[in-house]
Amino acid sequence: MRVLWLCNIMLPVIASQLGLPCSNKEGWLSGLAARVCREKPDDMTLGVCFPVTGEAIRGETDGLLWYGFPEDTSRPHLYGKGLEGALGRIVEMFKPDIVHCFGTEYPHTLAMTRVYGRPQRTLIGIQGLCFVYAEAYMAGLPDSVRRRTSLRDFLRQDNLRQQQNKYRRRGTFEKEALRRTAHVTGRTDWDREWAKRVNPGAAYHFMNETLRESFYGPVWDVKSCRPCSIFVSQGNYPIKGLHYLLQAMPMIKRRFPKAHLFVAGDVITRADTVKEKLKLSGYGRYLRELIRANRLERSVTFLGRLGEKEMLRHFLESHVFVSPSSIENSPNSVGEAMLLGMPVISSDVGGVHNMLLSGLEGVLYHPGDVKALADWVCYVFDGKNRAEIEEMGRCARLRALRTHDPETNYRRLLEIYDEINLCV
């Protein structure tokens with residue numbers, strides 16, 4: 001059985017061999033690929049293809065055949081003319097029995113379903129869904145912010161309304177790709193429902209995700225964290241809801257003046273130089289306005305892009321992890337925080353309720369309810385609730401160890417491939 005993975009990124013093990021920077025996104029793929037190569041059945045060959053800048057490349061790393069195809073992933077709302085030809089050549093070279101597409105967010109998934117042309121042997125794993133995310137994109141932003149266009153936005157044709165429309169356009173690619181497959185993997189009520197709406201005839205295969213390896217060992221300890229610190233894994237576009245947390249911070253600081261917010265990911269608020277000011281997006285400018293209006297200049301730290309080890313350290317050093325998003329499927333950041341046994345507060349959106357039981361393993365609150373968000377953060381910070389918070393973390397860790405168990409999820413993946421073979 002020859003299985004070809006279509007990924008959104010170059011796997012770090014391949015990037016390392018080529019001396020290229022490693023992407024921090026979808027880090028769980030590396031561990032899964034390594035395990036498949038190490039423990040796969042004798043009759044299975046794994047290939048991986050992924051987008052690259054420039055010319056097509058191919059090679060082999062630790063028994064893993066890989067292919068890089070040209071694609072401009074900075075403009076995922078555009079369907080590249082050469083995609084089908086490039087992927088067609090990869091399919092011709094590798095001759096897969098099954099094509100497994102990890103995610104629907106980029107045009108290459110649609111291109112692959114078109115050139116492979118075998119729905120019964122095509123499997124698409126749902127991560128997020130742009131056509132659903134588009135409708136939640138503005139995330140309660142004021143009309144004045146939705147309408148604004150910075151110089152950067154004007155030059156790039158990329159203001160908030162245009163960003164939302166780009167998500168909608170990507171969504172049309174997703175829907176066609178989902179209609180061109182007979183098999184879908186997912187892990188929440190949310191992705192199952194949307195998959196069925198788009199393609200009622202597709203078989204839905206449940207499979208949880210395995211997270212980054214380094215998160216399976218350490219355990220969060222309140223005595224070792226920075227008191228009253230909040231960690232957010234990213235906040236560079238409205239869906240992630242950073243503006244909600246900035247609105248909640250004054251309420252939090254009234255009770256806990258030393259409260260401090262740490263934000264990982266792209267820093268879209270940087271404006272130390274004239275050039276950086278000119279590059280500010282409309283949303284980045286709004287975040288700066290909130291920070292200034294709420295006098296948070298010394299209470300918010302933007303960390304920039306972090307590697308796996310750095311992310312782990314900031315999780316462990318923080319008092320609470322918050323996911324204030326306006327929409328999610330099952331955010332891996334929530335799963336990683338749960339694996340560490342730390343306090344988790346998340347908006348109750350998408351499939352997050354399938355990840356943790358509110359009140360027992362963490363806290364879910366109504367999306368956009370800034371006061372509830374502030375109240376729950378203060379609840380975690382209040383030392384009187386320490387025993388309950390620690391028990392929640394313990395329960396969350398036990399749940400996450402089951403949900404993200406590498407052995408279970410690896411075996412389930414092989415089962416799904418067998419199920420697909422039996423369907424043909």
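1. **Terms for helices.** A crossing of two helices is left-handed if the near helix is turned anticlockwise from the far one by less than a right angle, and right-handed if clockwise. Helices (H or I, at least four residues) and strands (E, at least two) are DSSP runs, numbered from the N terminus.

2. **The model.** This is a predicted model: local features need pLDDT of at least 70, side-chain atom pairs count only at pLDDT 80 or more, and totals for chains, interfaces and linings use all residues. Residues are numbered from 1 along each chain as its sequence is written, and side-chain values use heavy atoms, with hydrogens and water left out.

3. **Helices H4 and H8.** Helix H4 covers residues 107-116 and helix H8 covers residues 160-179. They pack at an angle of about 30°, and their axes are 8 Å apart. Axes are lines fitted to C-alpha atoms, for helices over the stretch in contact, and angles run from 0 to 180 degrees between N-to-C directions. H4 and H8 are therefore roughly parallel to each other. Angles under 35 degrees count as roughly parallel, over 145 as roughly antiparallel, 65 to 115 as roughly perpendicular and the rest as oblique. The crossing of H4 and H8 is left-handed. On the H4 side, Pro107, Thr109, Leu110, Thr113 and Arg114 take part, and they meet Phe173, Glu176 and Ala177 in H8. Contact means heavy atoms within 4.5 Å.

4. **Helices H13 and H14.** Here the angle is about 60°, and the axes lie 10 Å apart. H13 spans residues 308-317 and H14 spans residues 332-340. That angle makes H13 oblique to H14. The crossing of H13 and H14 is right-handed. Leu312, Phe315 and Leu316 in H13 meet Ser333, Glu336, Ala337 and Leu340 in H14.

5. **The sheet.** Eight strands form an open sheet with mixed pairing, in the order E3-E4-E2-E1-E5-E6-E7-E8. Strands E3 (57-61) and E8 (203-206) stand at the edges, each with a single partner strand, so one side of each is left without a neighbour in the sheet. The twist averages 20° from one strand to the next. Helix H3 (residues 83-94) packs on the sheet and touches E1 (2-6), E2 (45-52), E3 and E4 (64-70). The direction of H3 makes about 160° with that of E4.

6. **Strand pairs.** Two strands pair if DSSP finds at least two bridges between them. Strands of a sheet pair through backbone hydrogen bonds, either parallel or antiparallel. E1 and E2 are parallel, with five bridges. Arg2 has Thr45 in E2 as its bridge partner. E2 and E4 also run parallel, joined by six bridges. Val52 has Pro70 in E4 as its bridge partner. E5 (residues 98-102) and E6 (residues 122-125) pair in the parallel sense over four bridges. Cys101 stands opposite Ile124 in E6.

7. **Burial of E2.** Seven of the eight residues of E2 are buried, so E2 is largely enclosed by the rest of the structure. Buried means under 20% relative accessible area, exposed over 50%, partly exposed in between (1.4 Å probe, protein chains only).

8. **Cysteines.** How many disulfides are there? The count is zero. A disulfide is a pair of cysteine sulfur atoms within 2.5 Å. For Cys49, the closest cysteine sulfur is in Cys7, 7.2 Å away and too far for a bond. Cys49 counts as buried, at 0% relative accessibility. For Cys378, the closest cysteine sulfur is in Cys228, at 8.7 Å, again too far for a bond. Cys378 counts as buried, at 2% relative accessibility.
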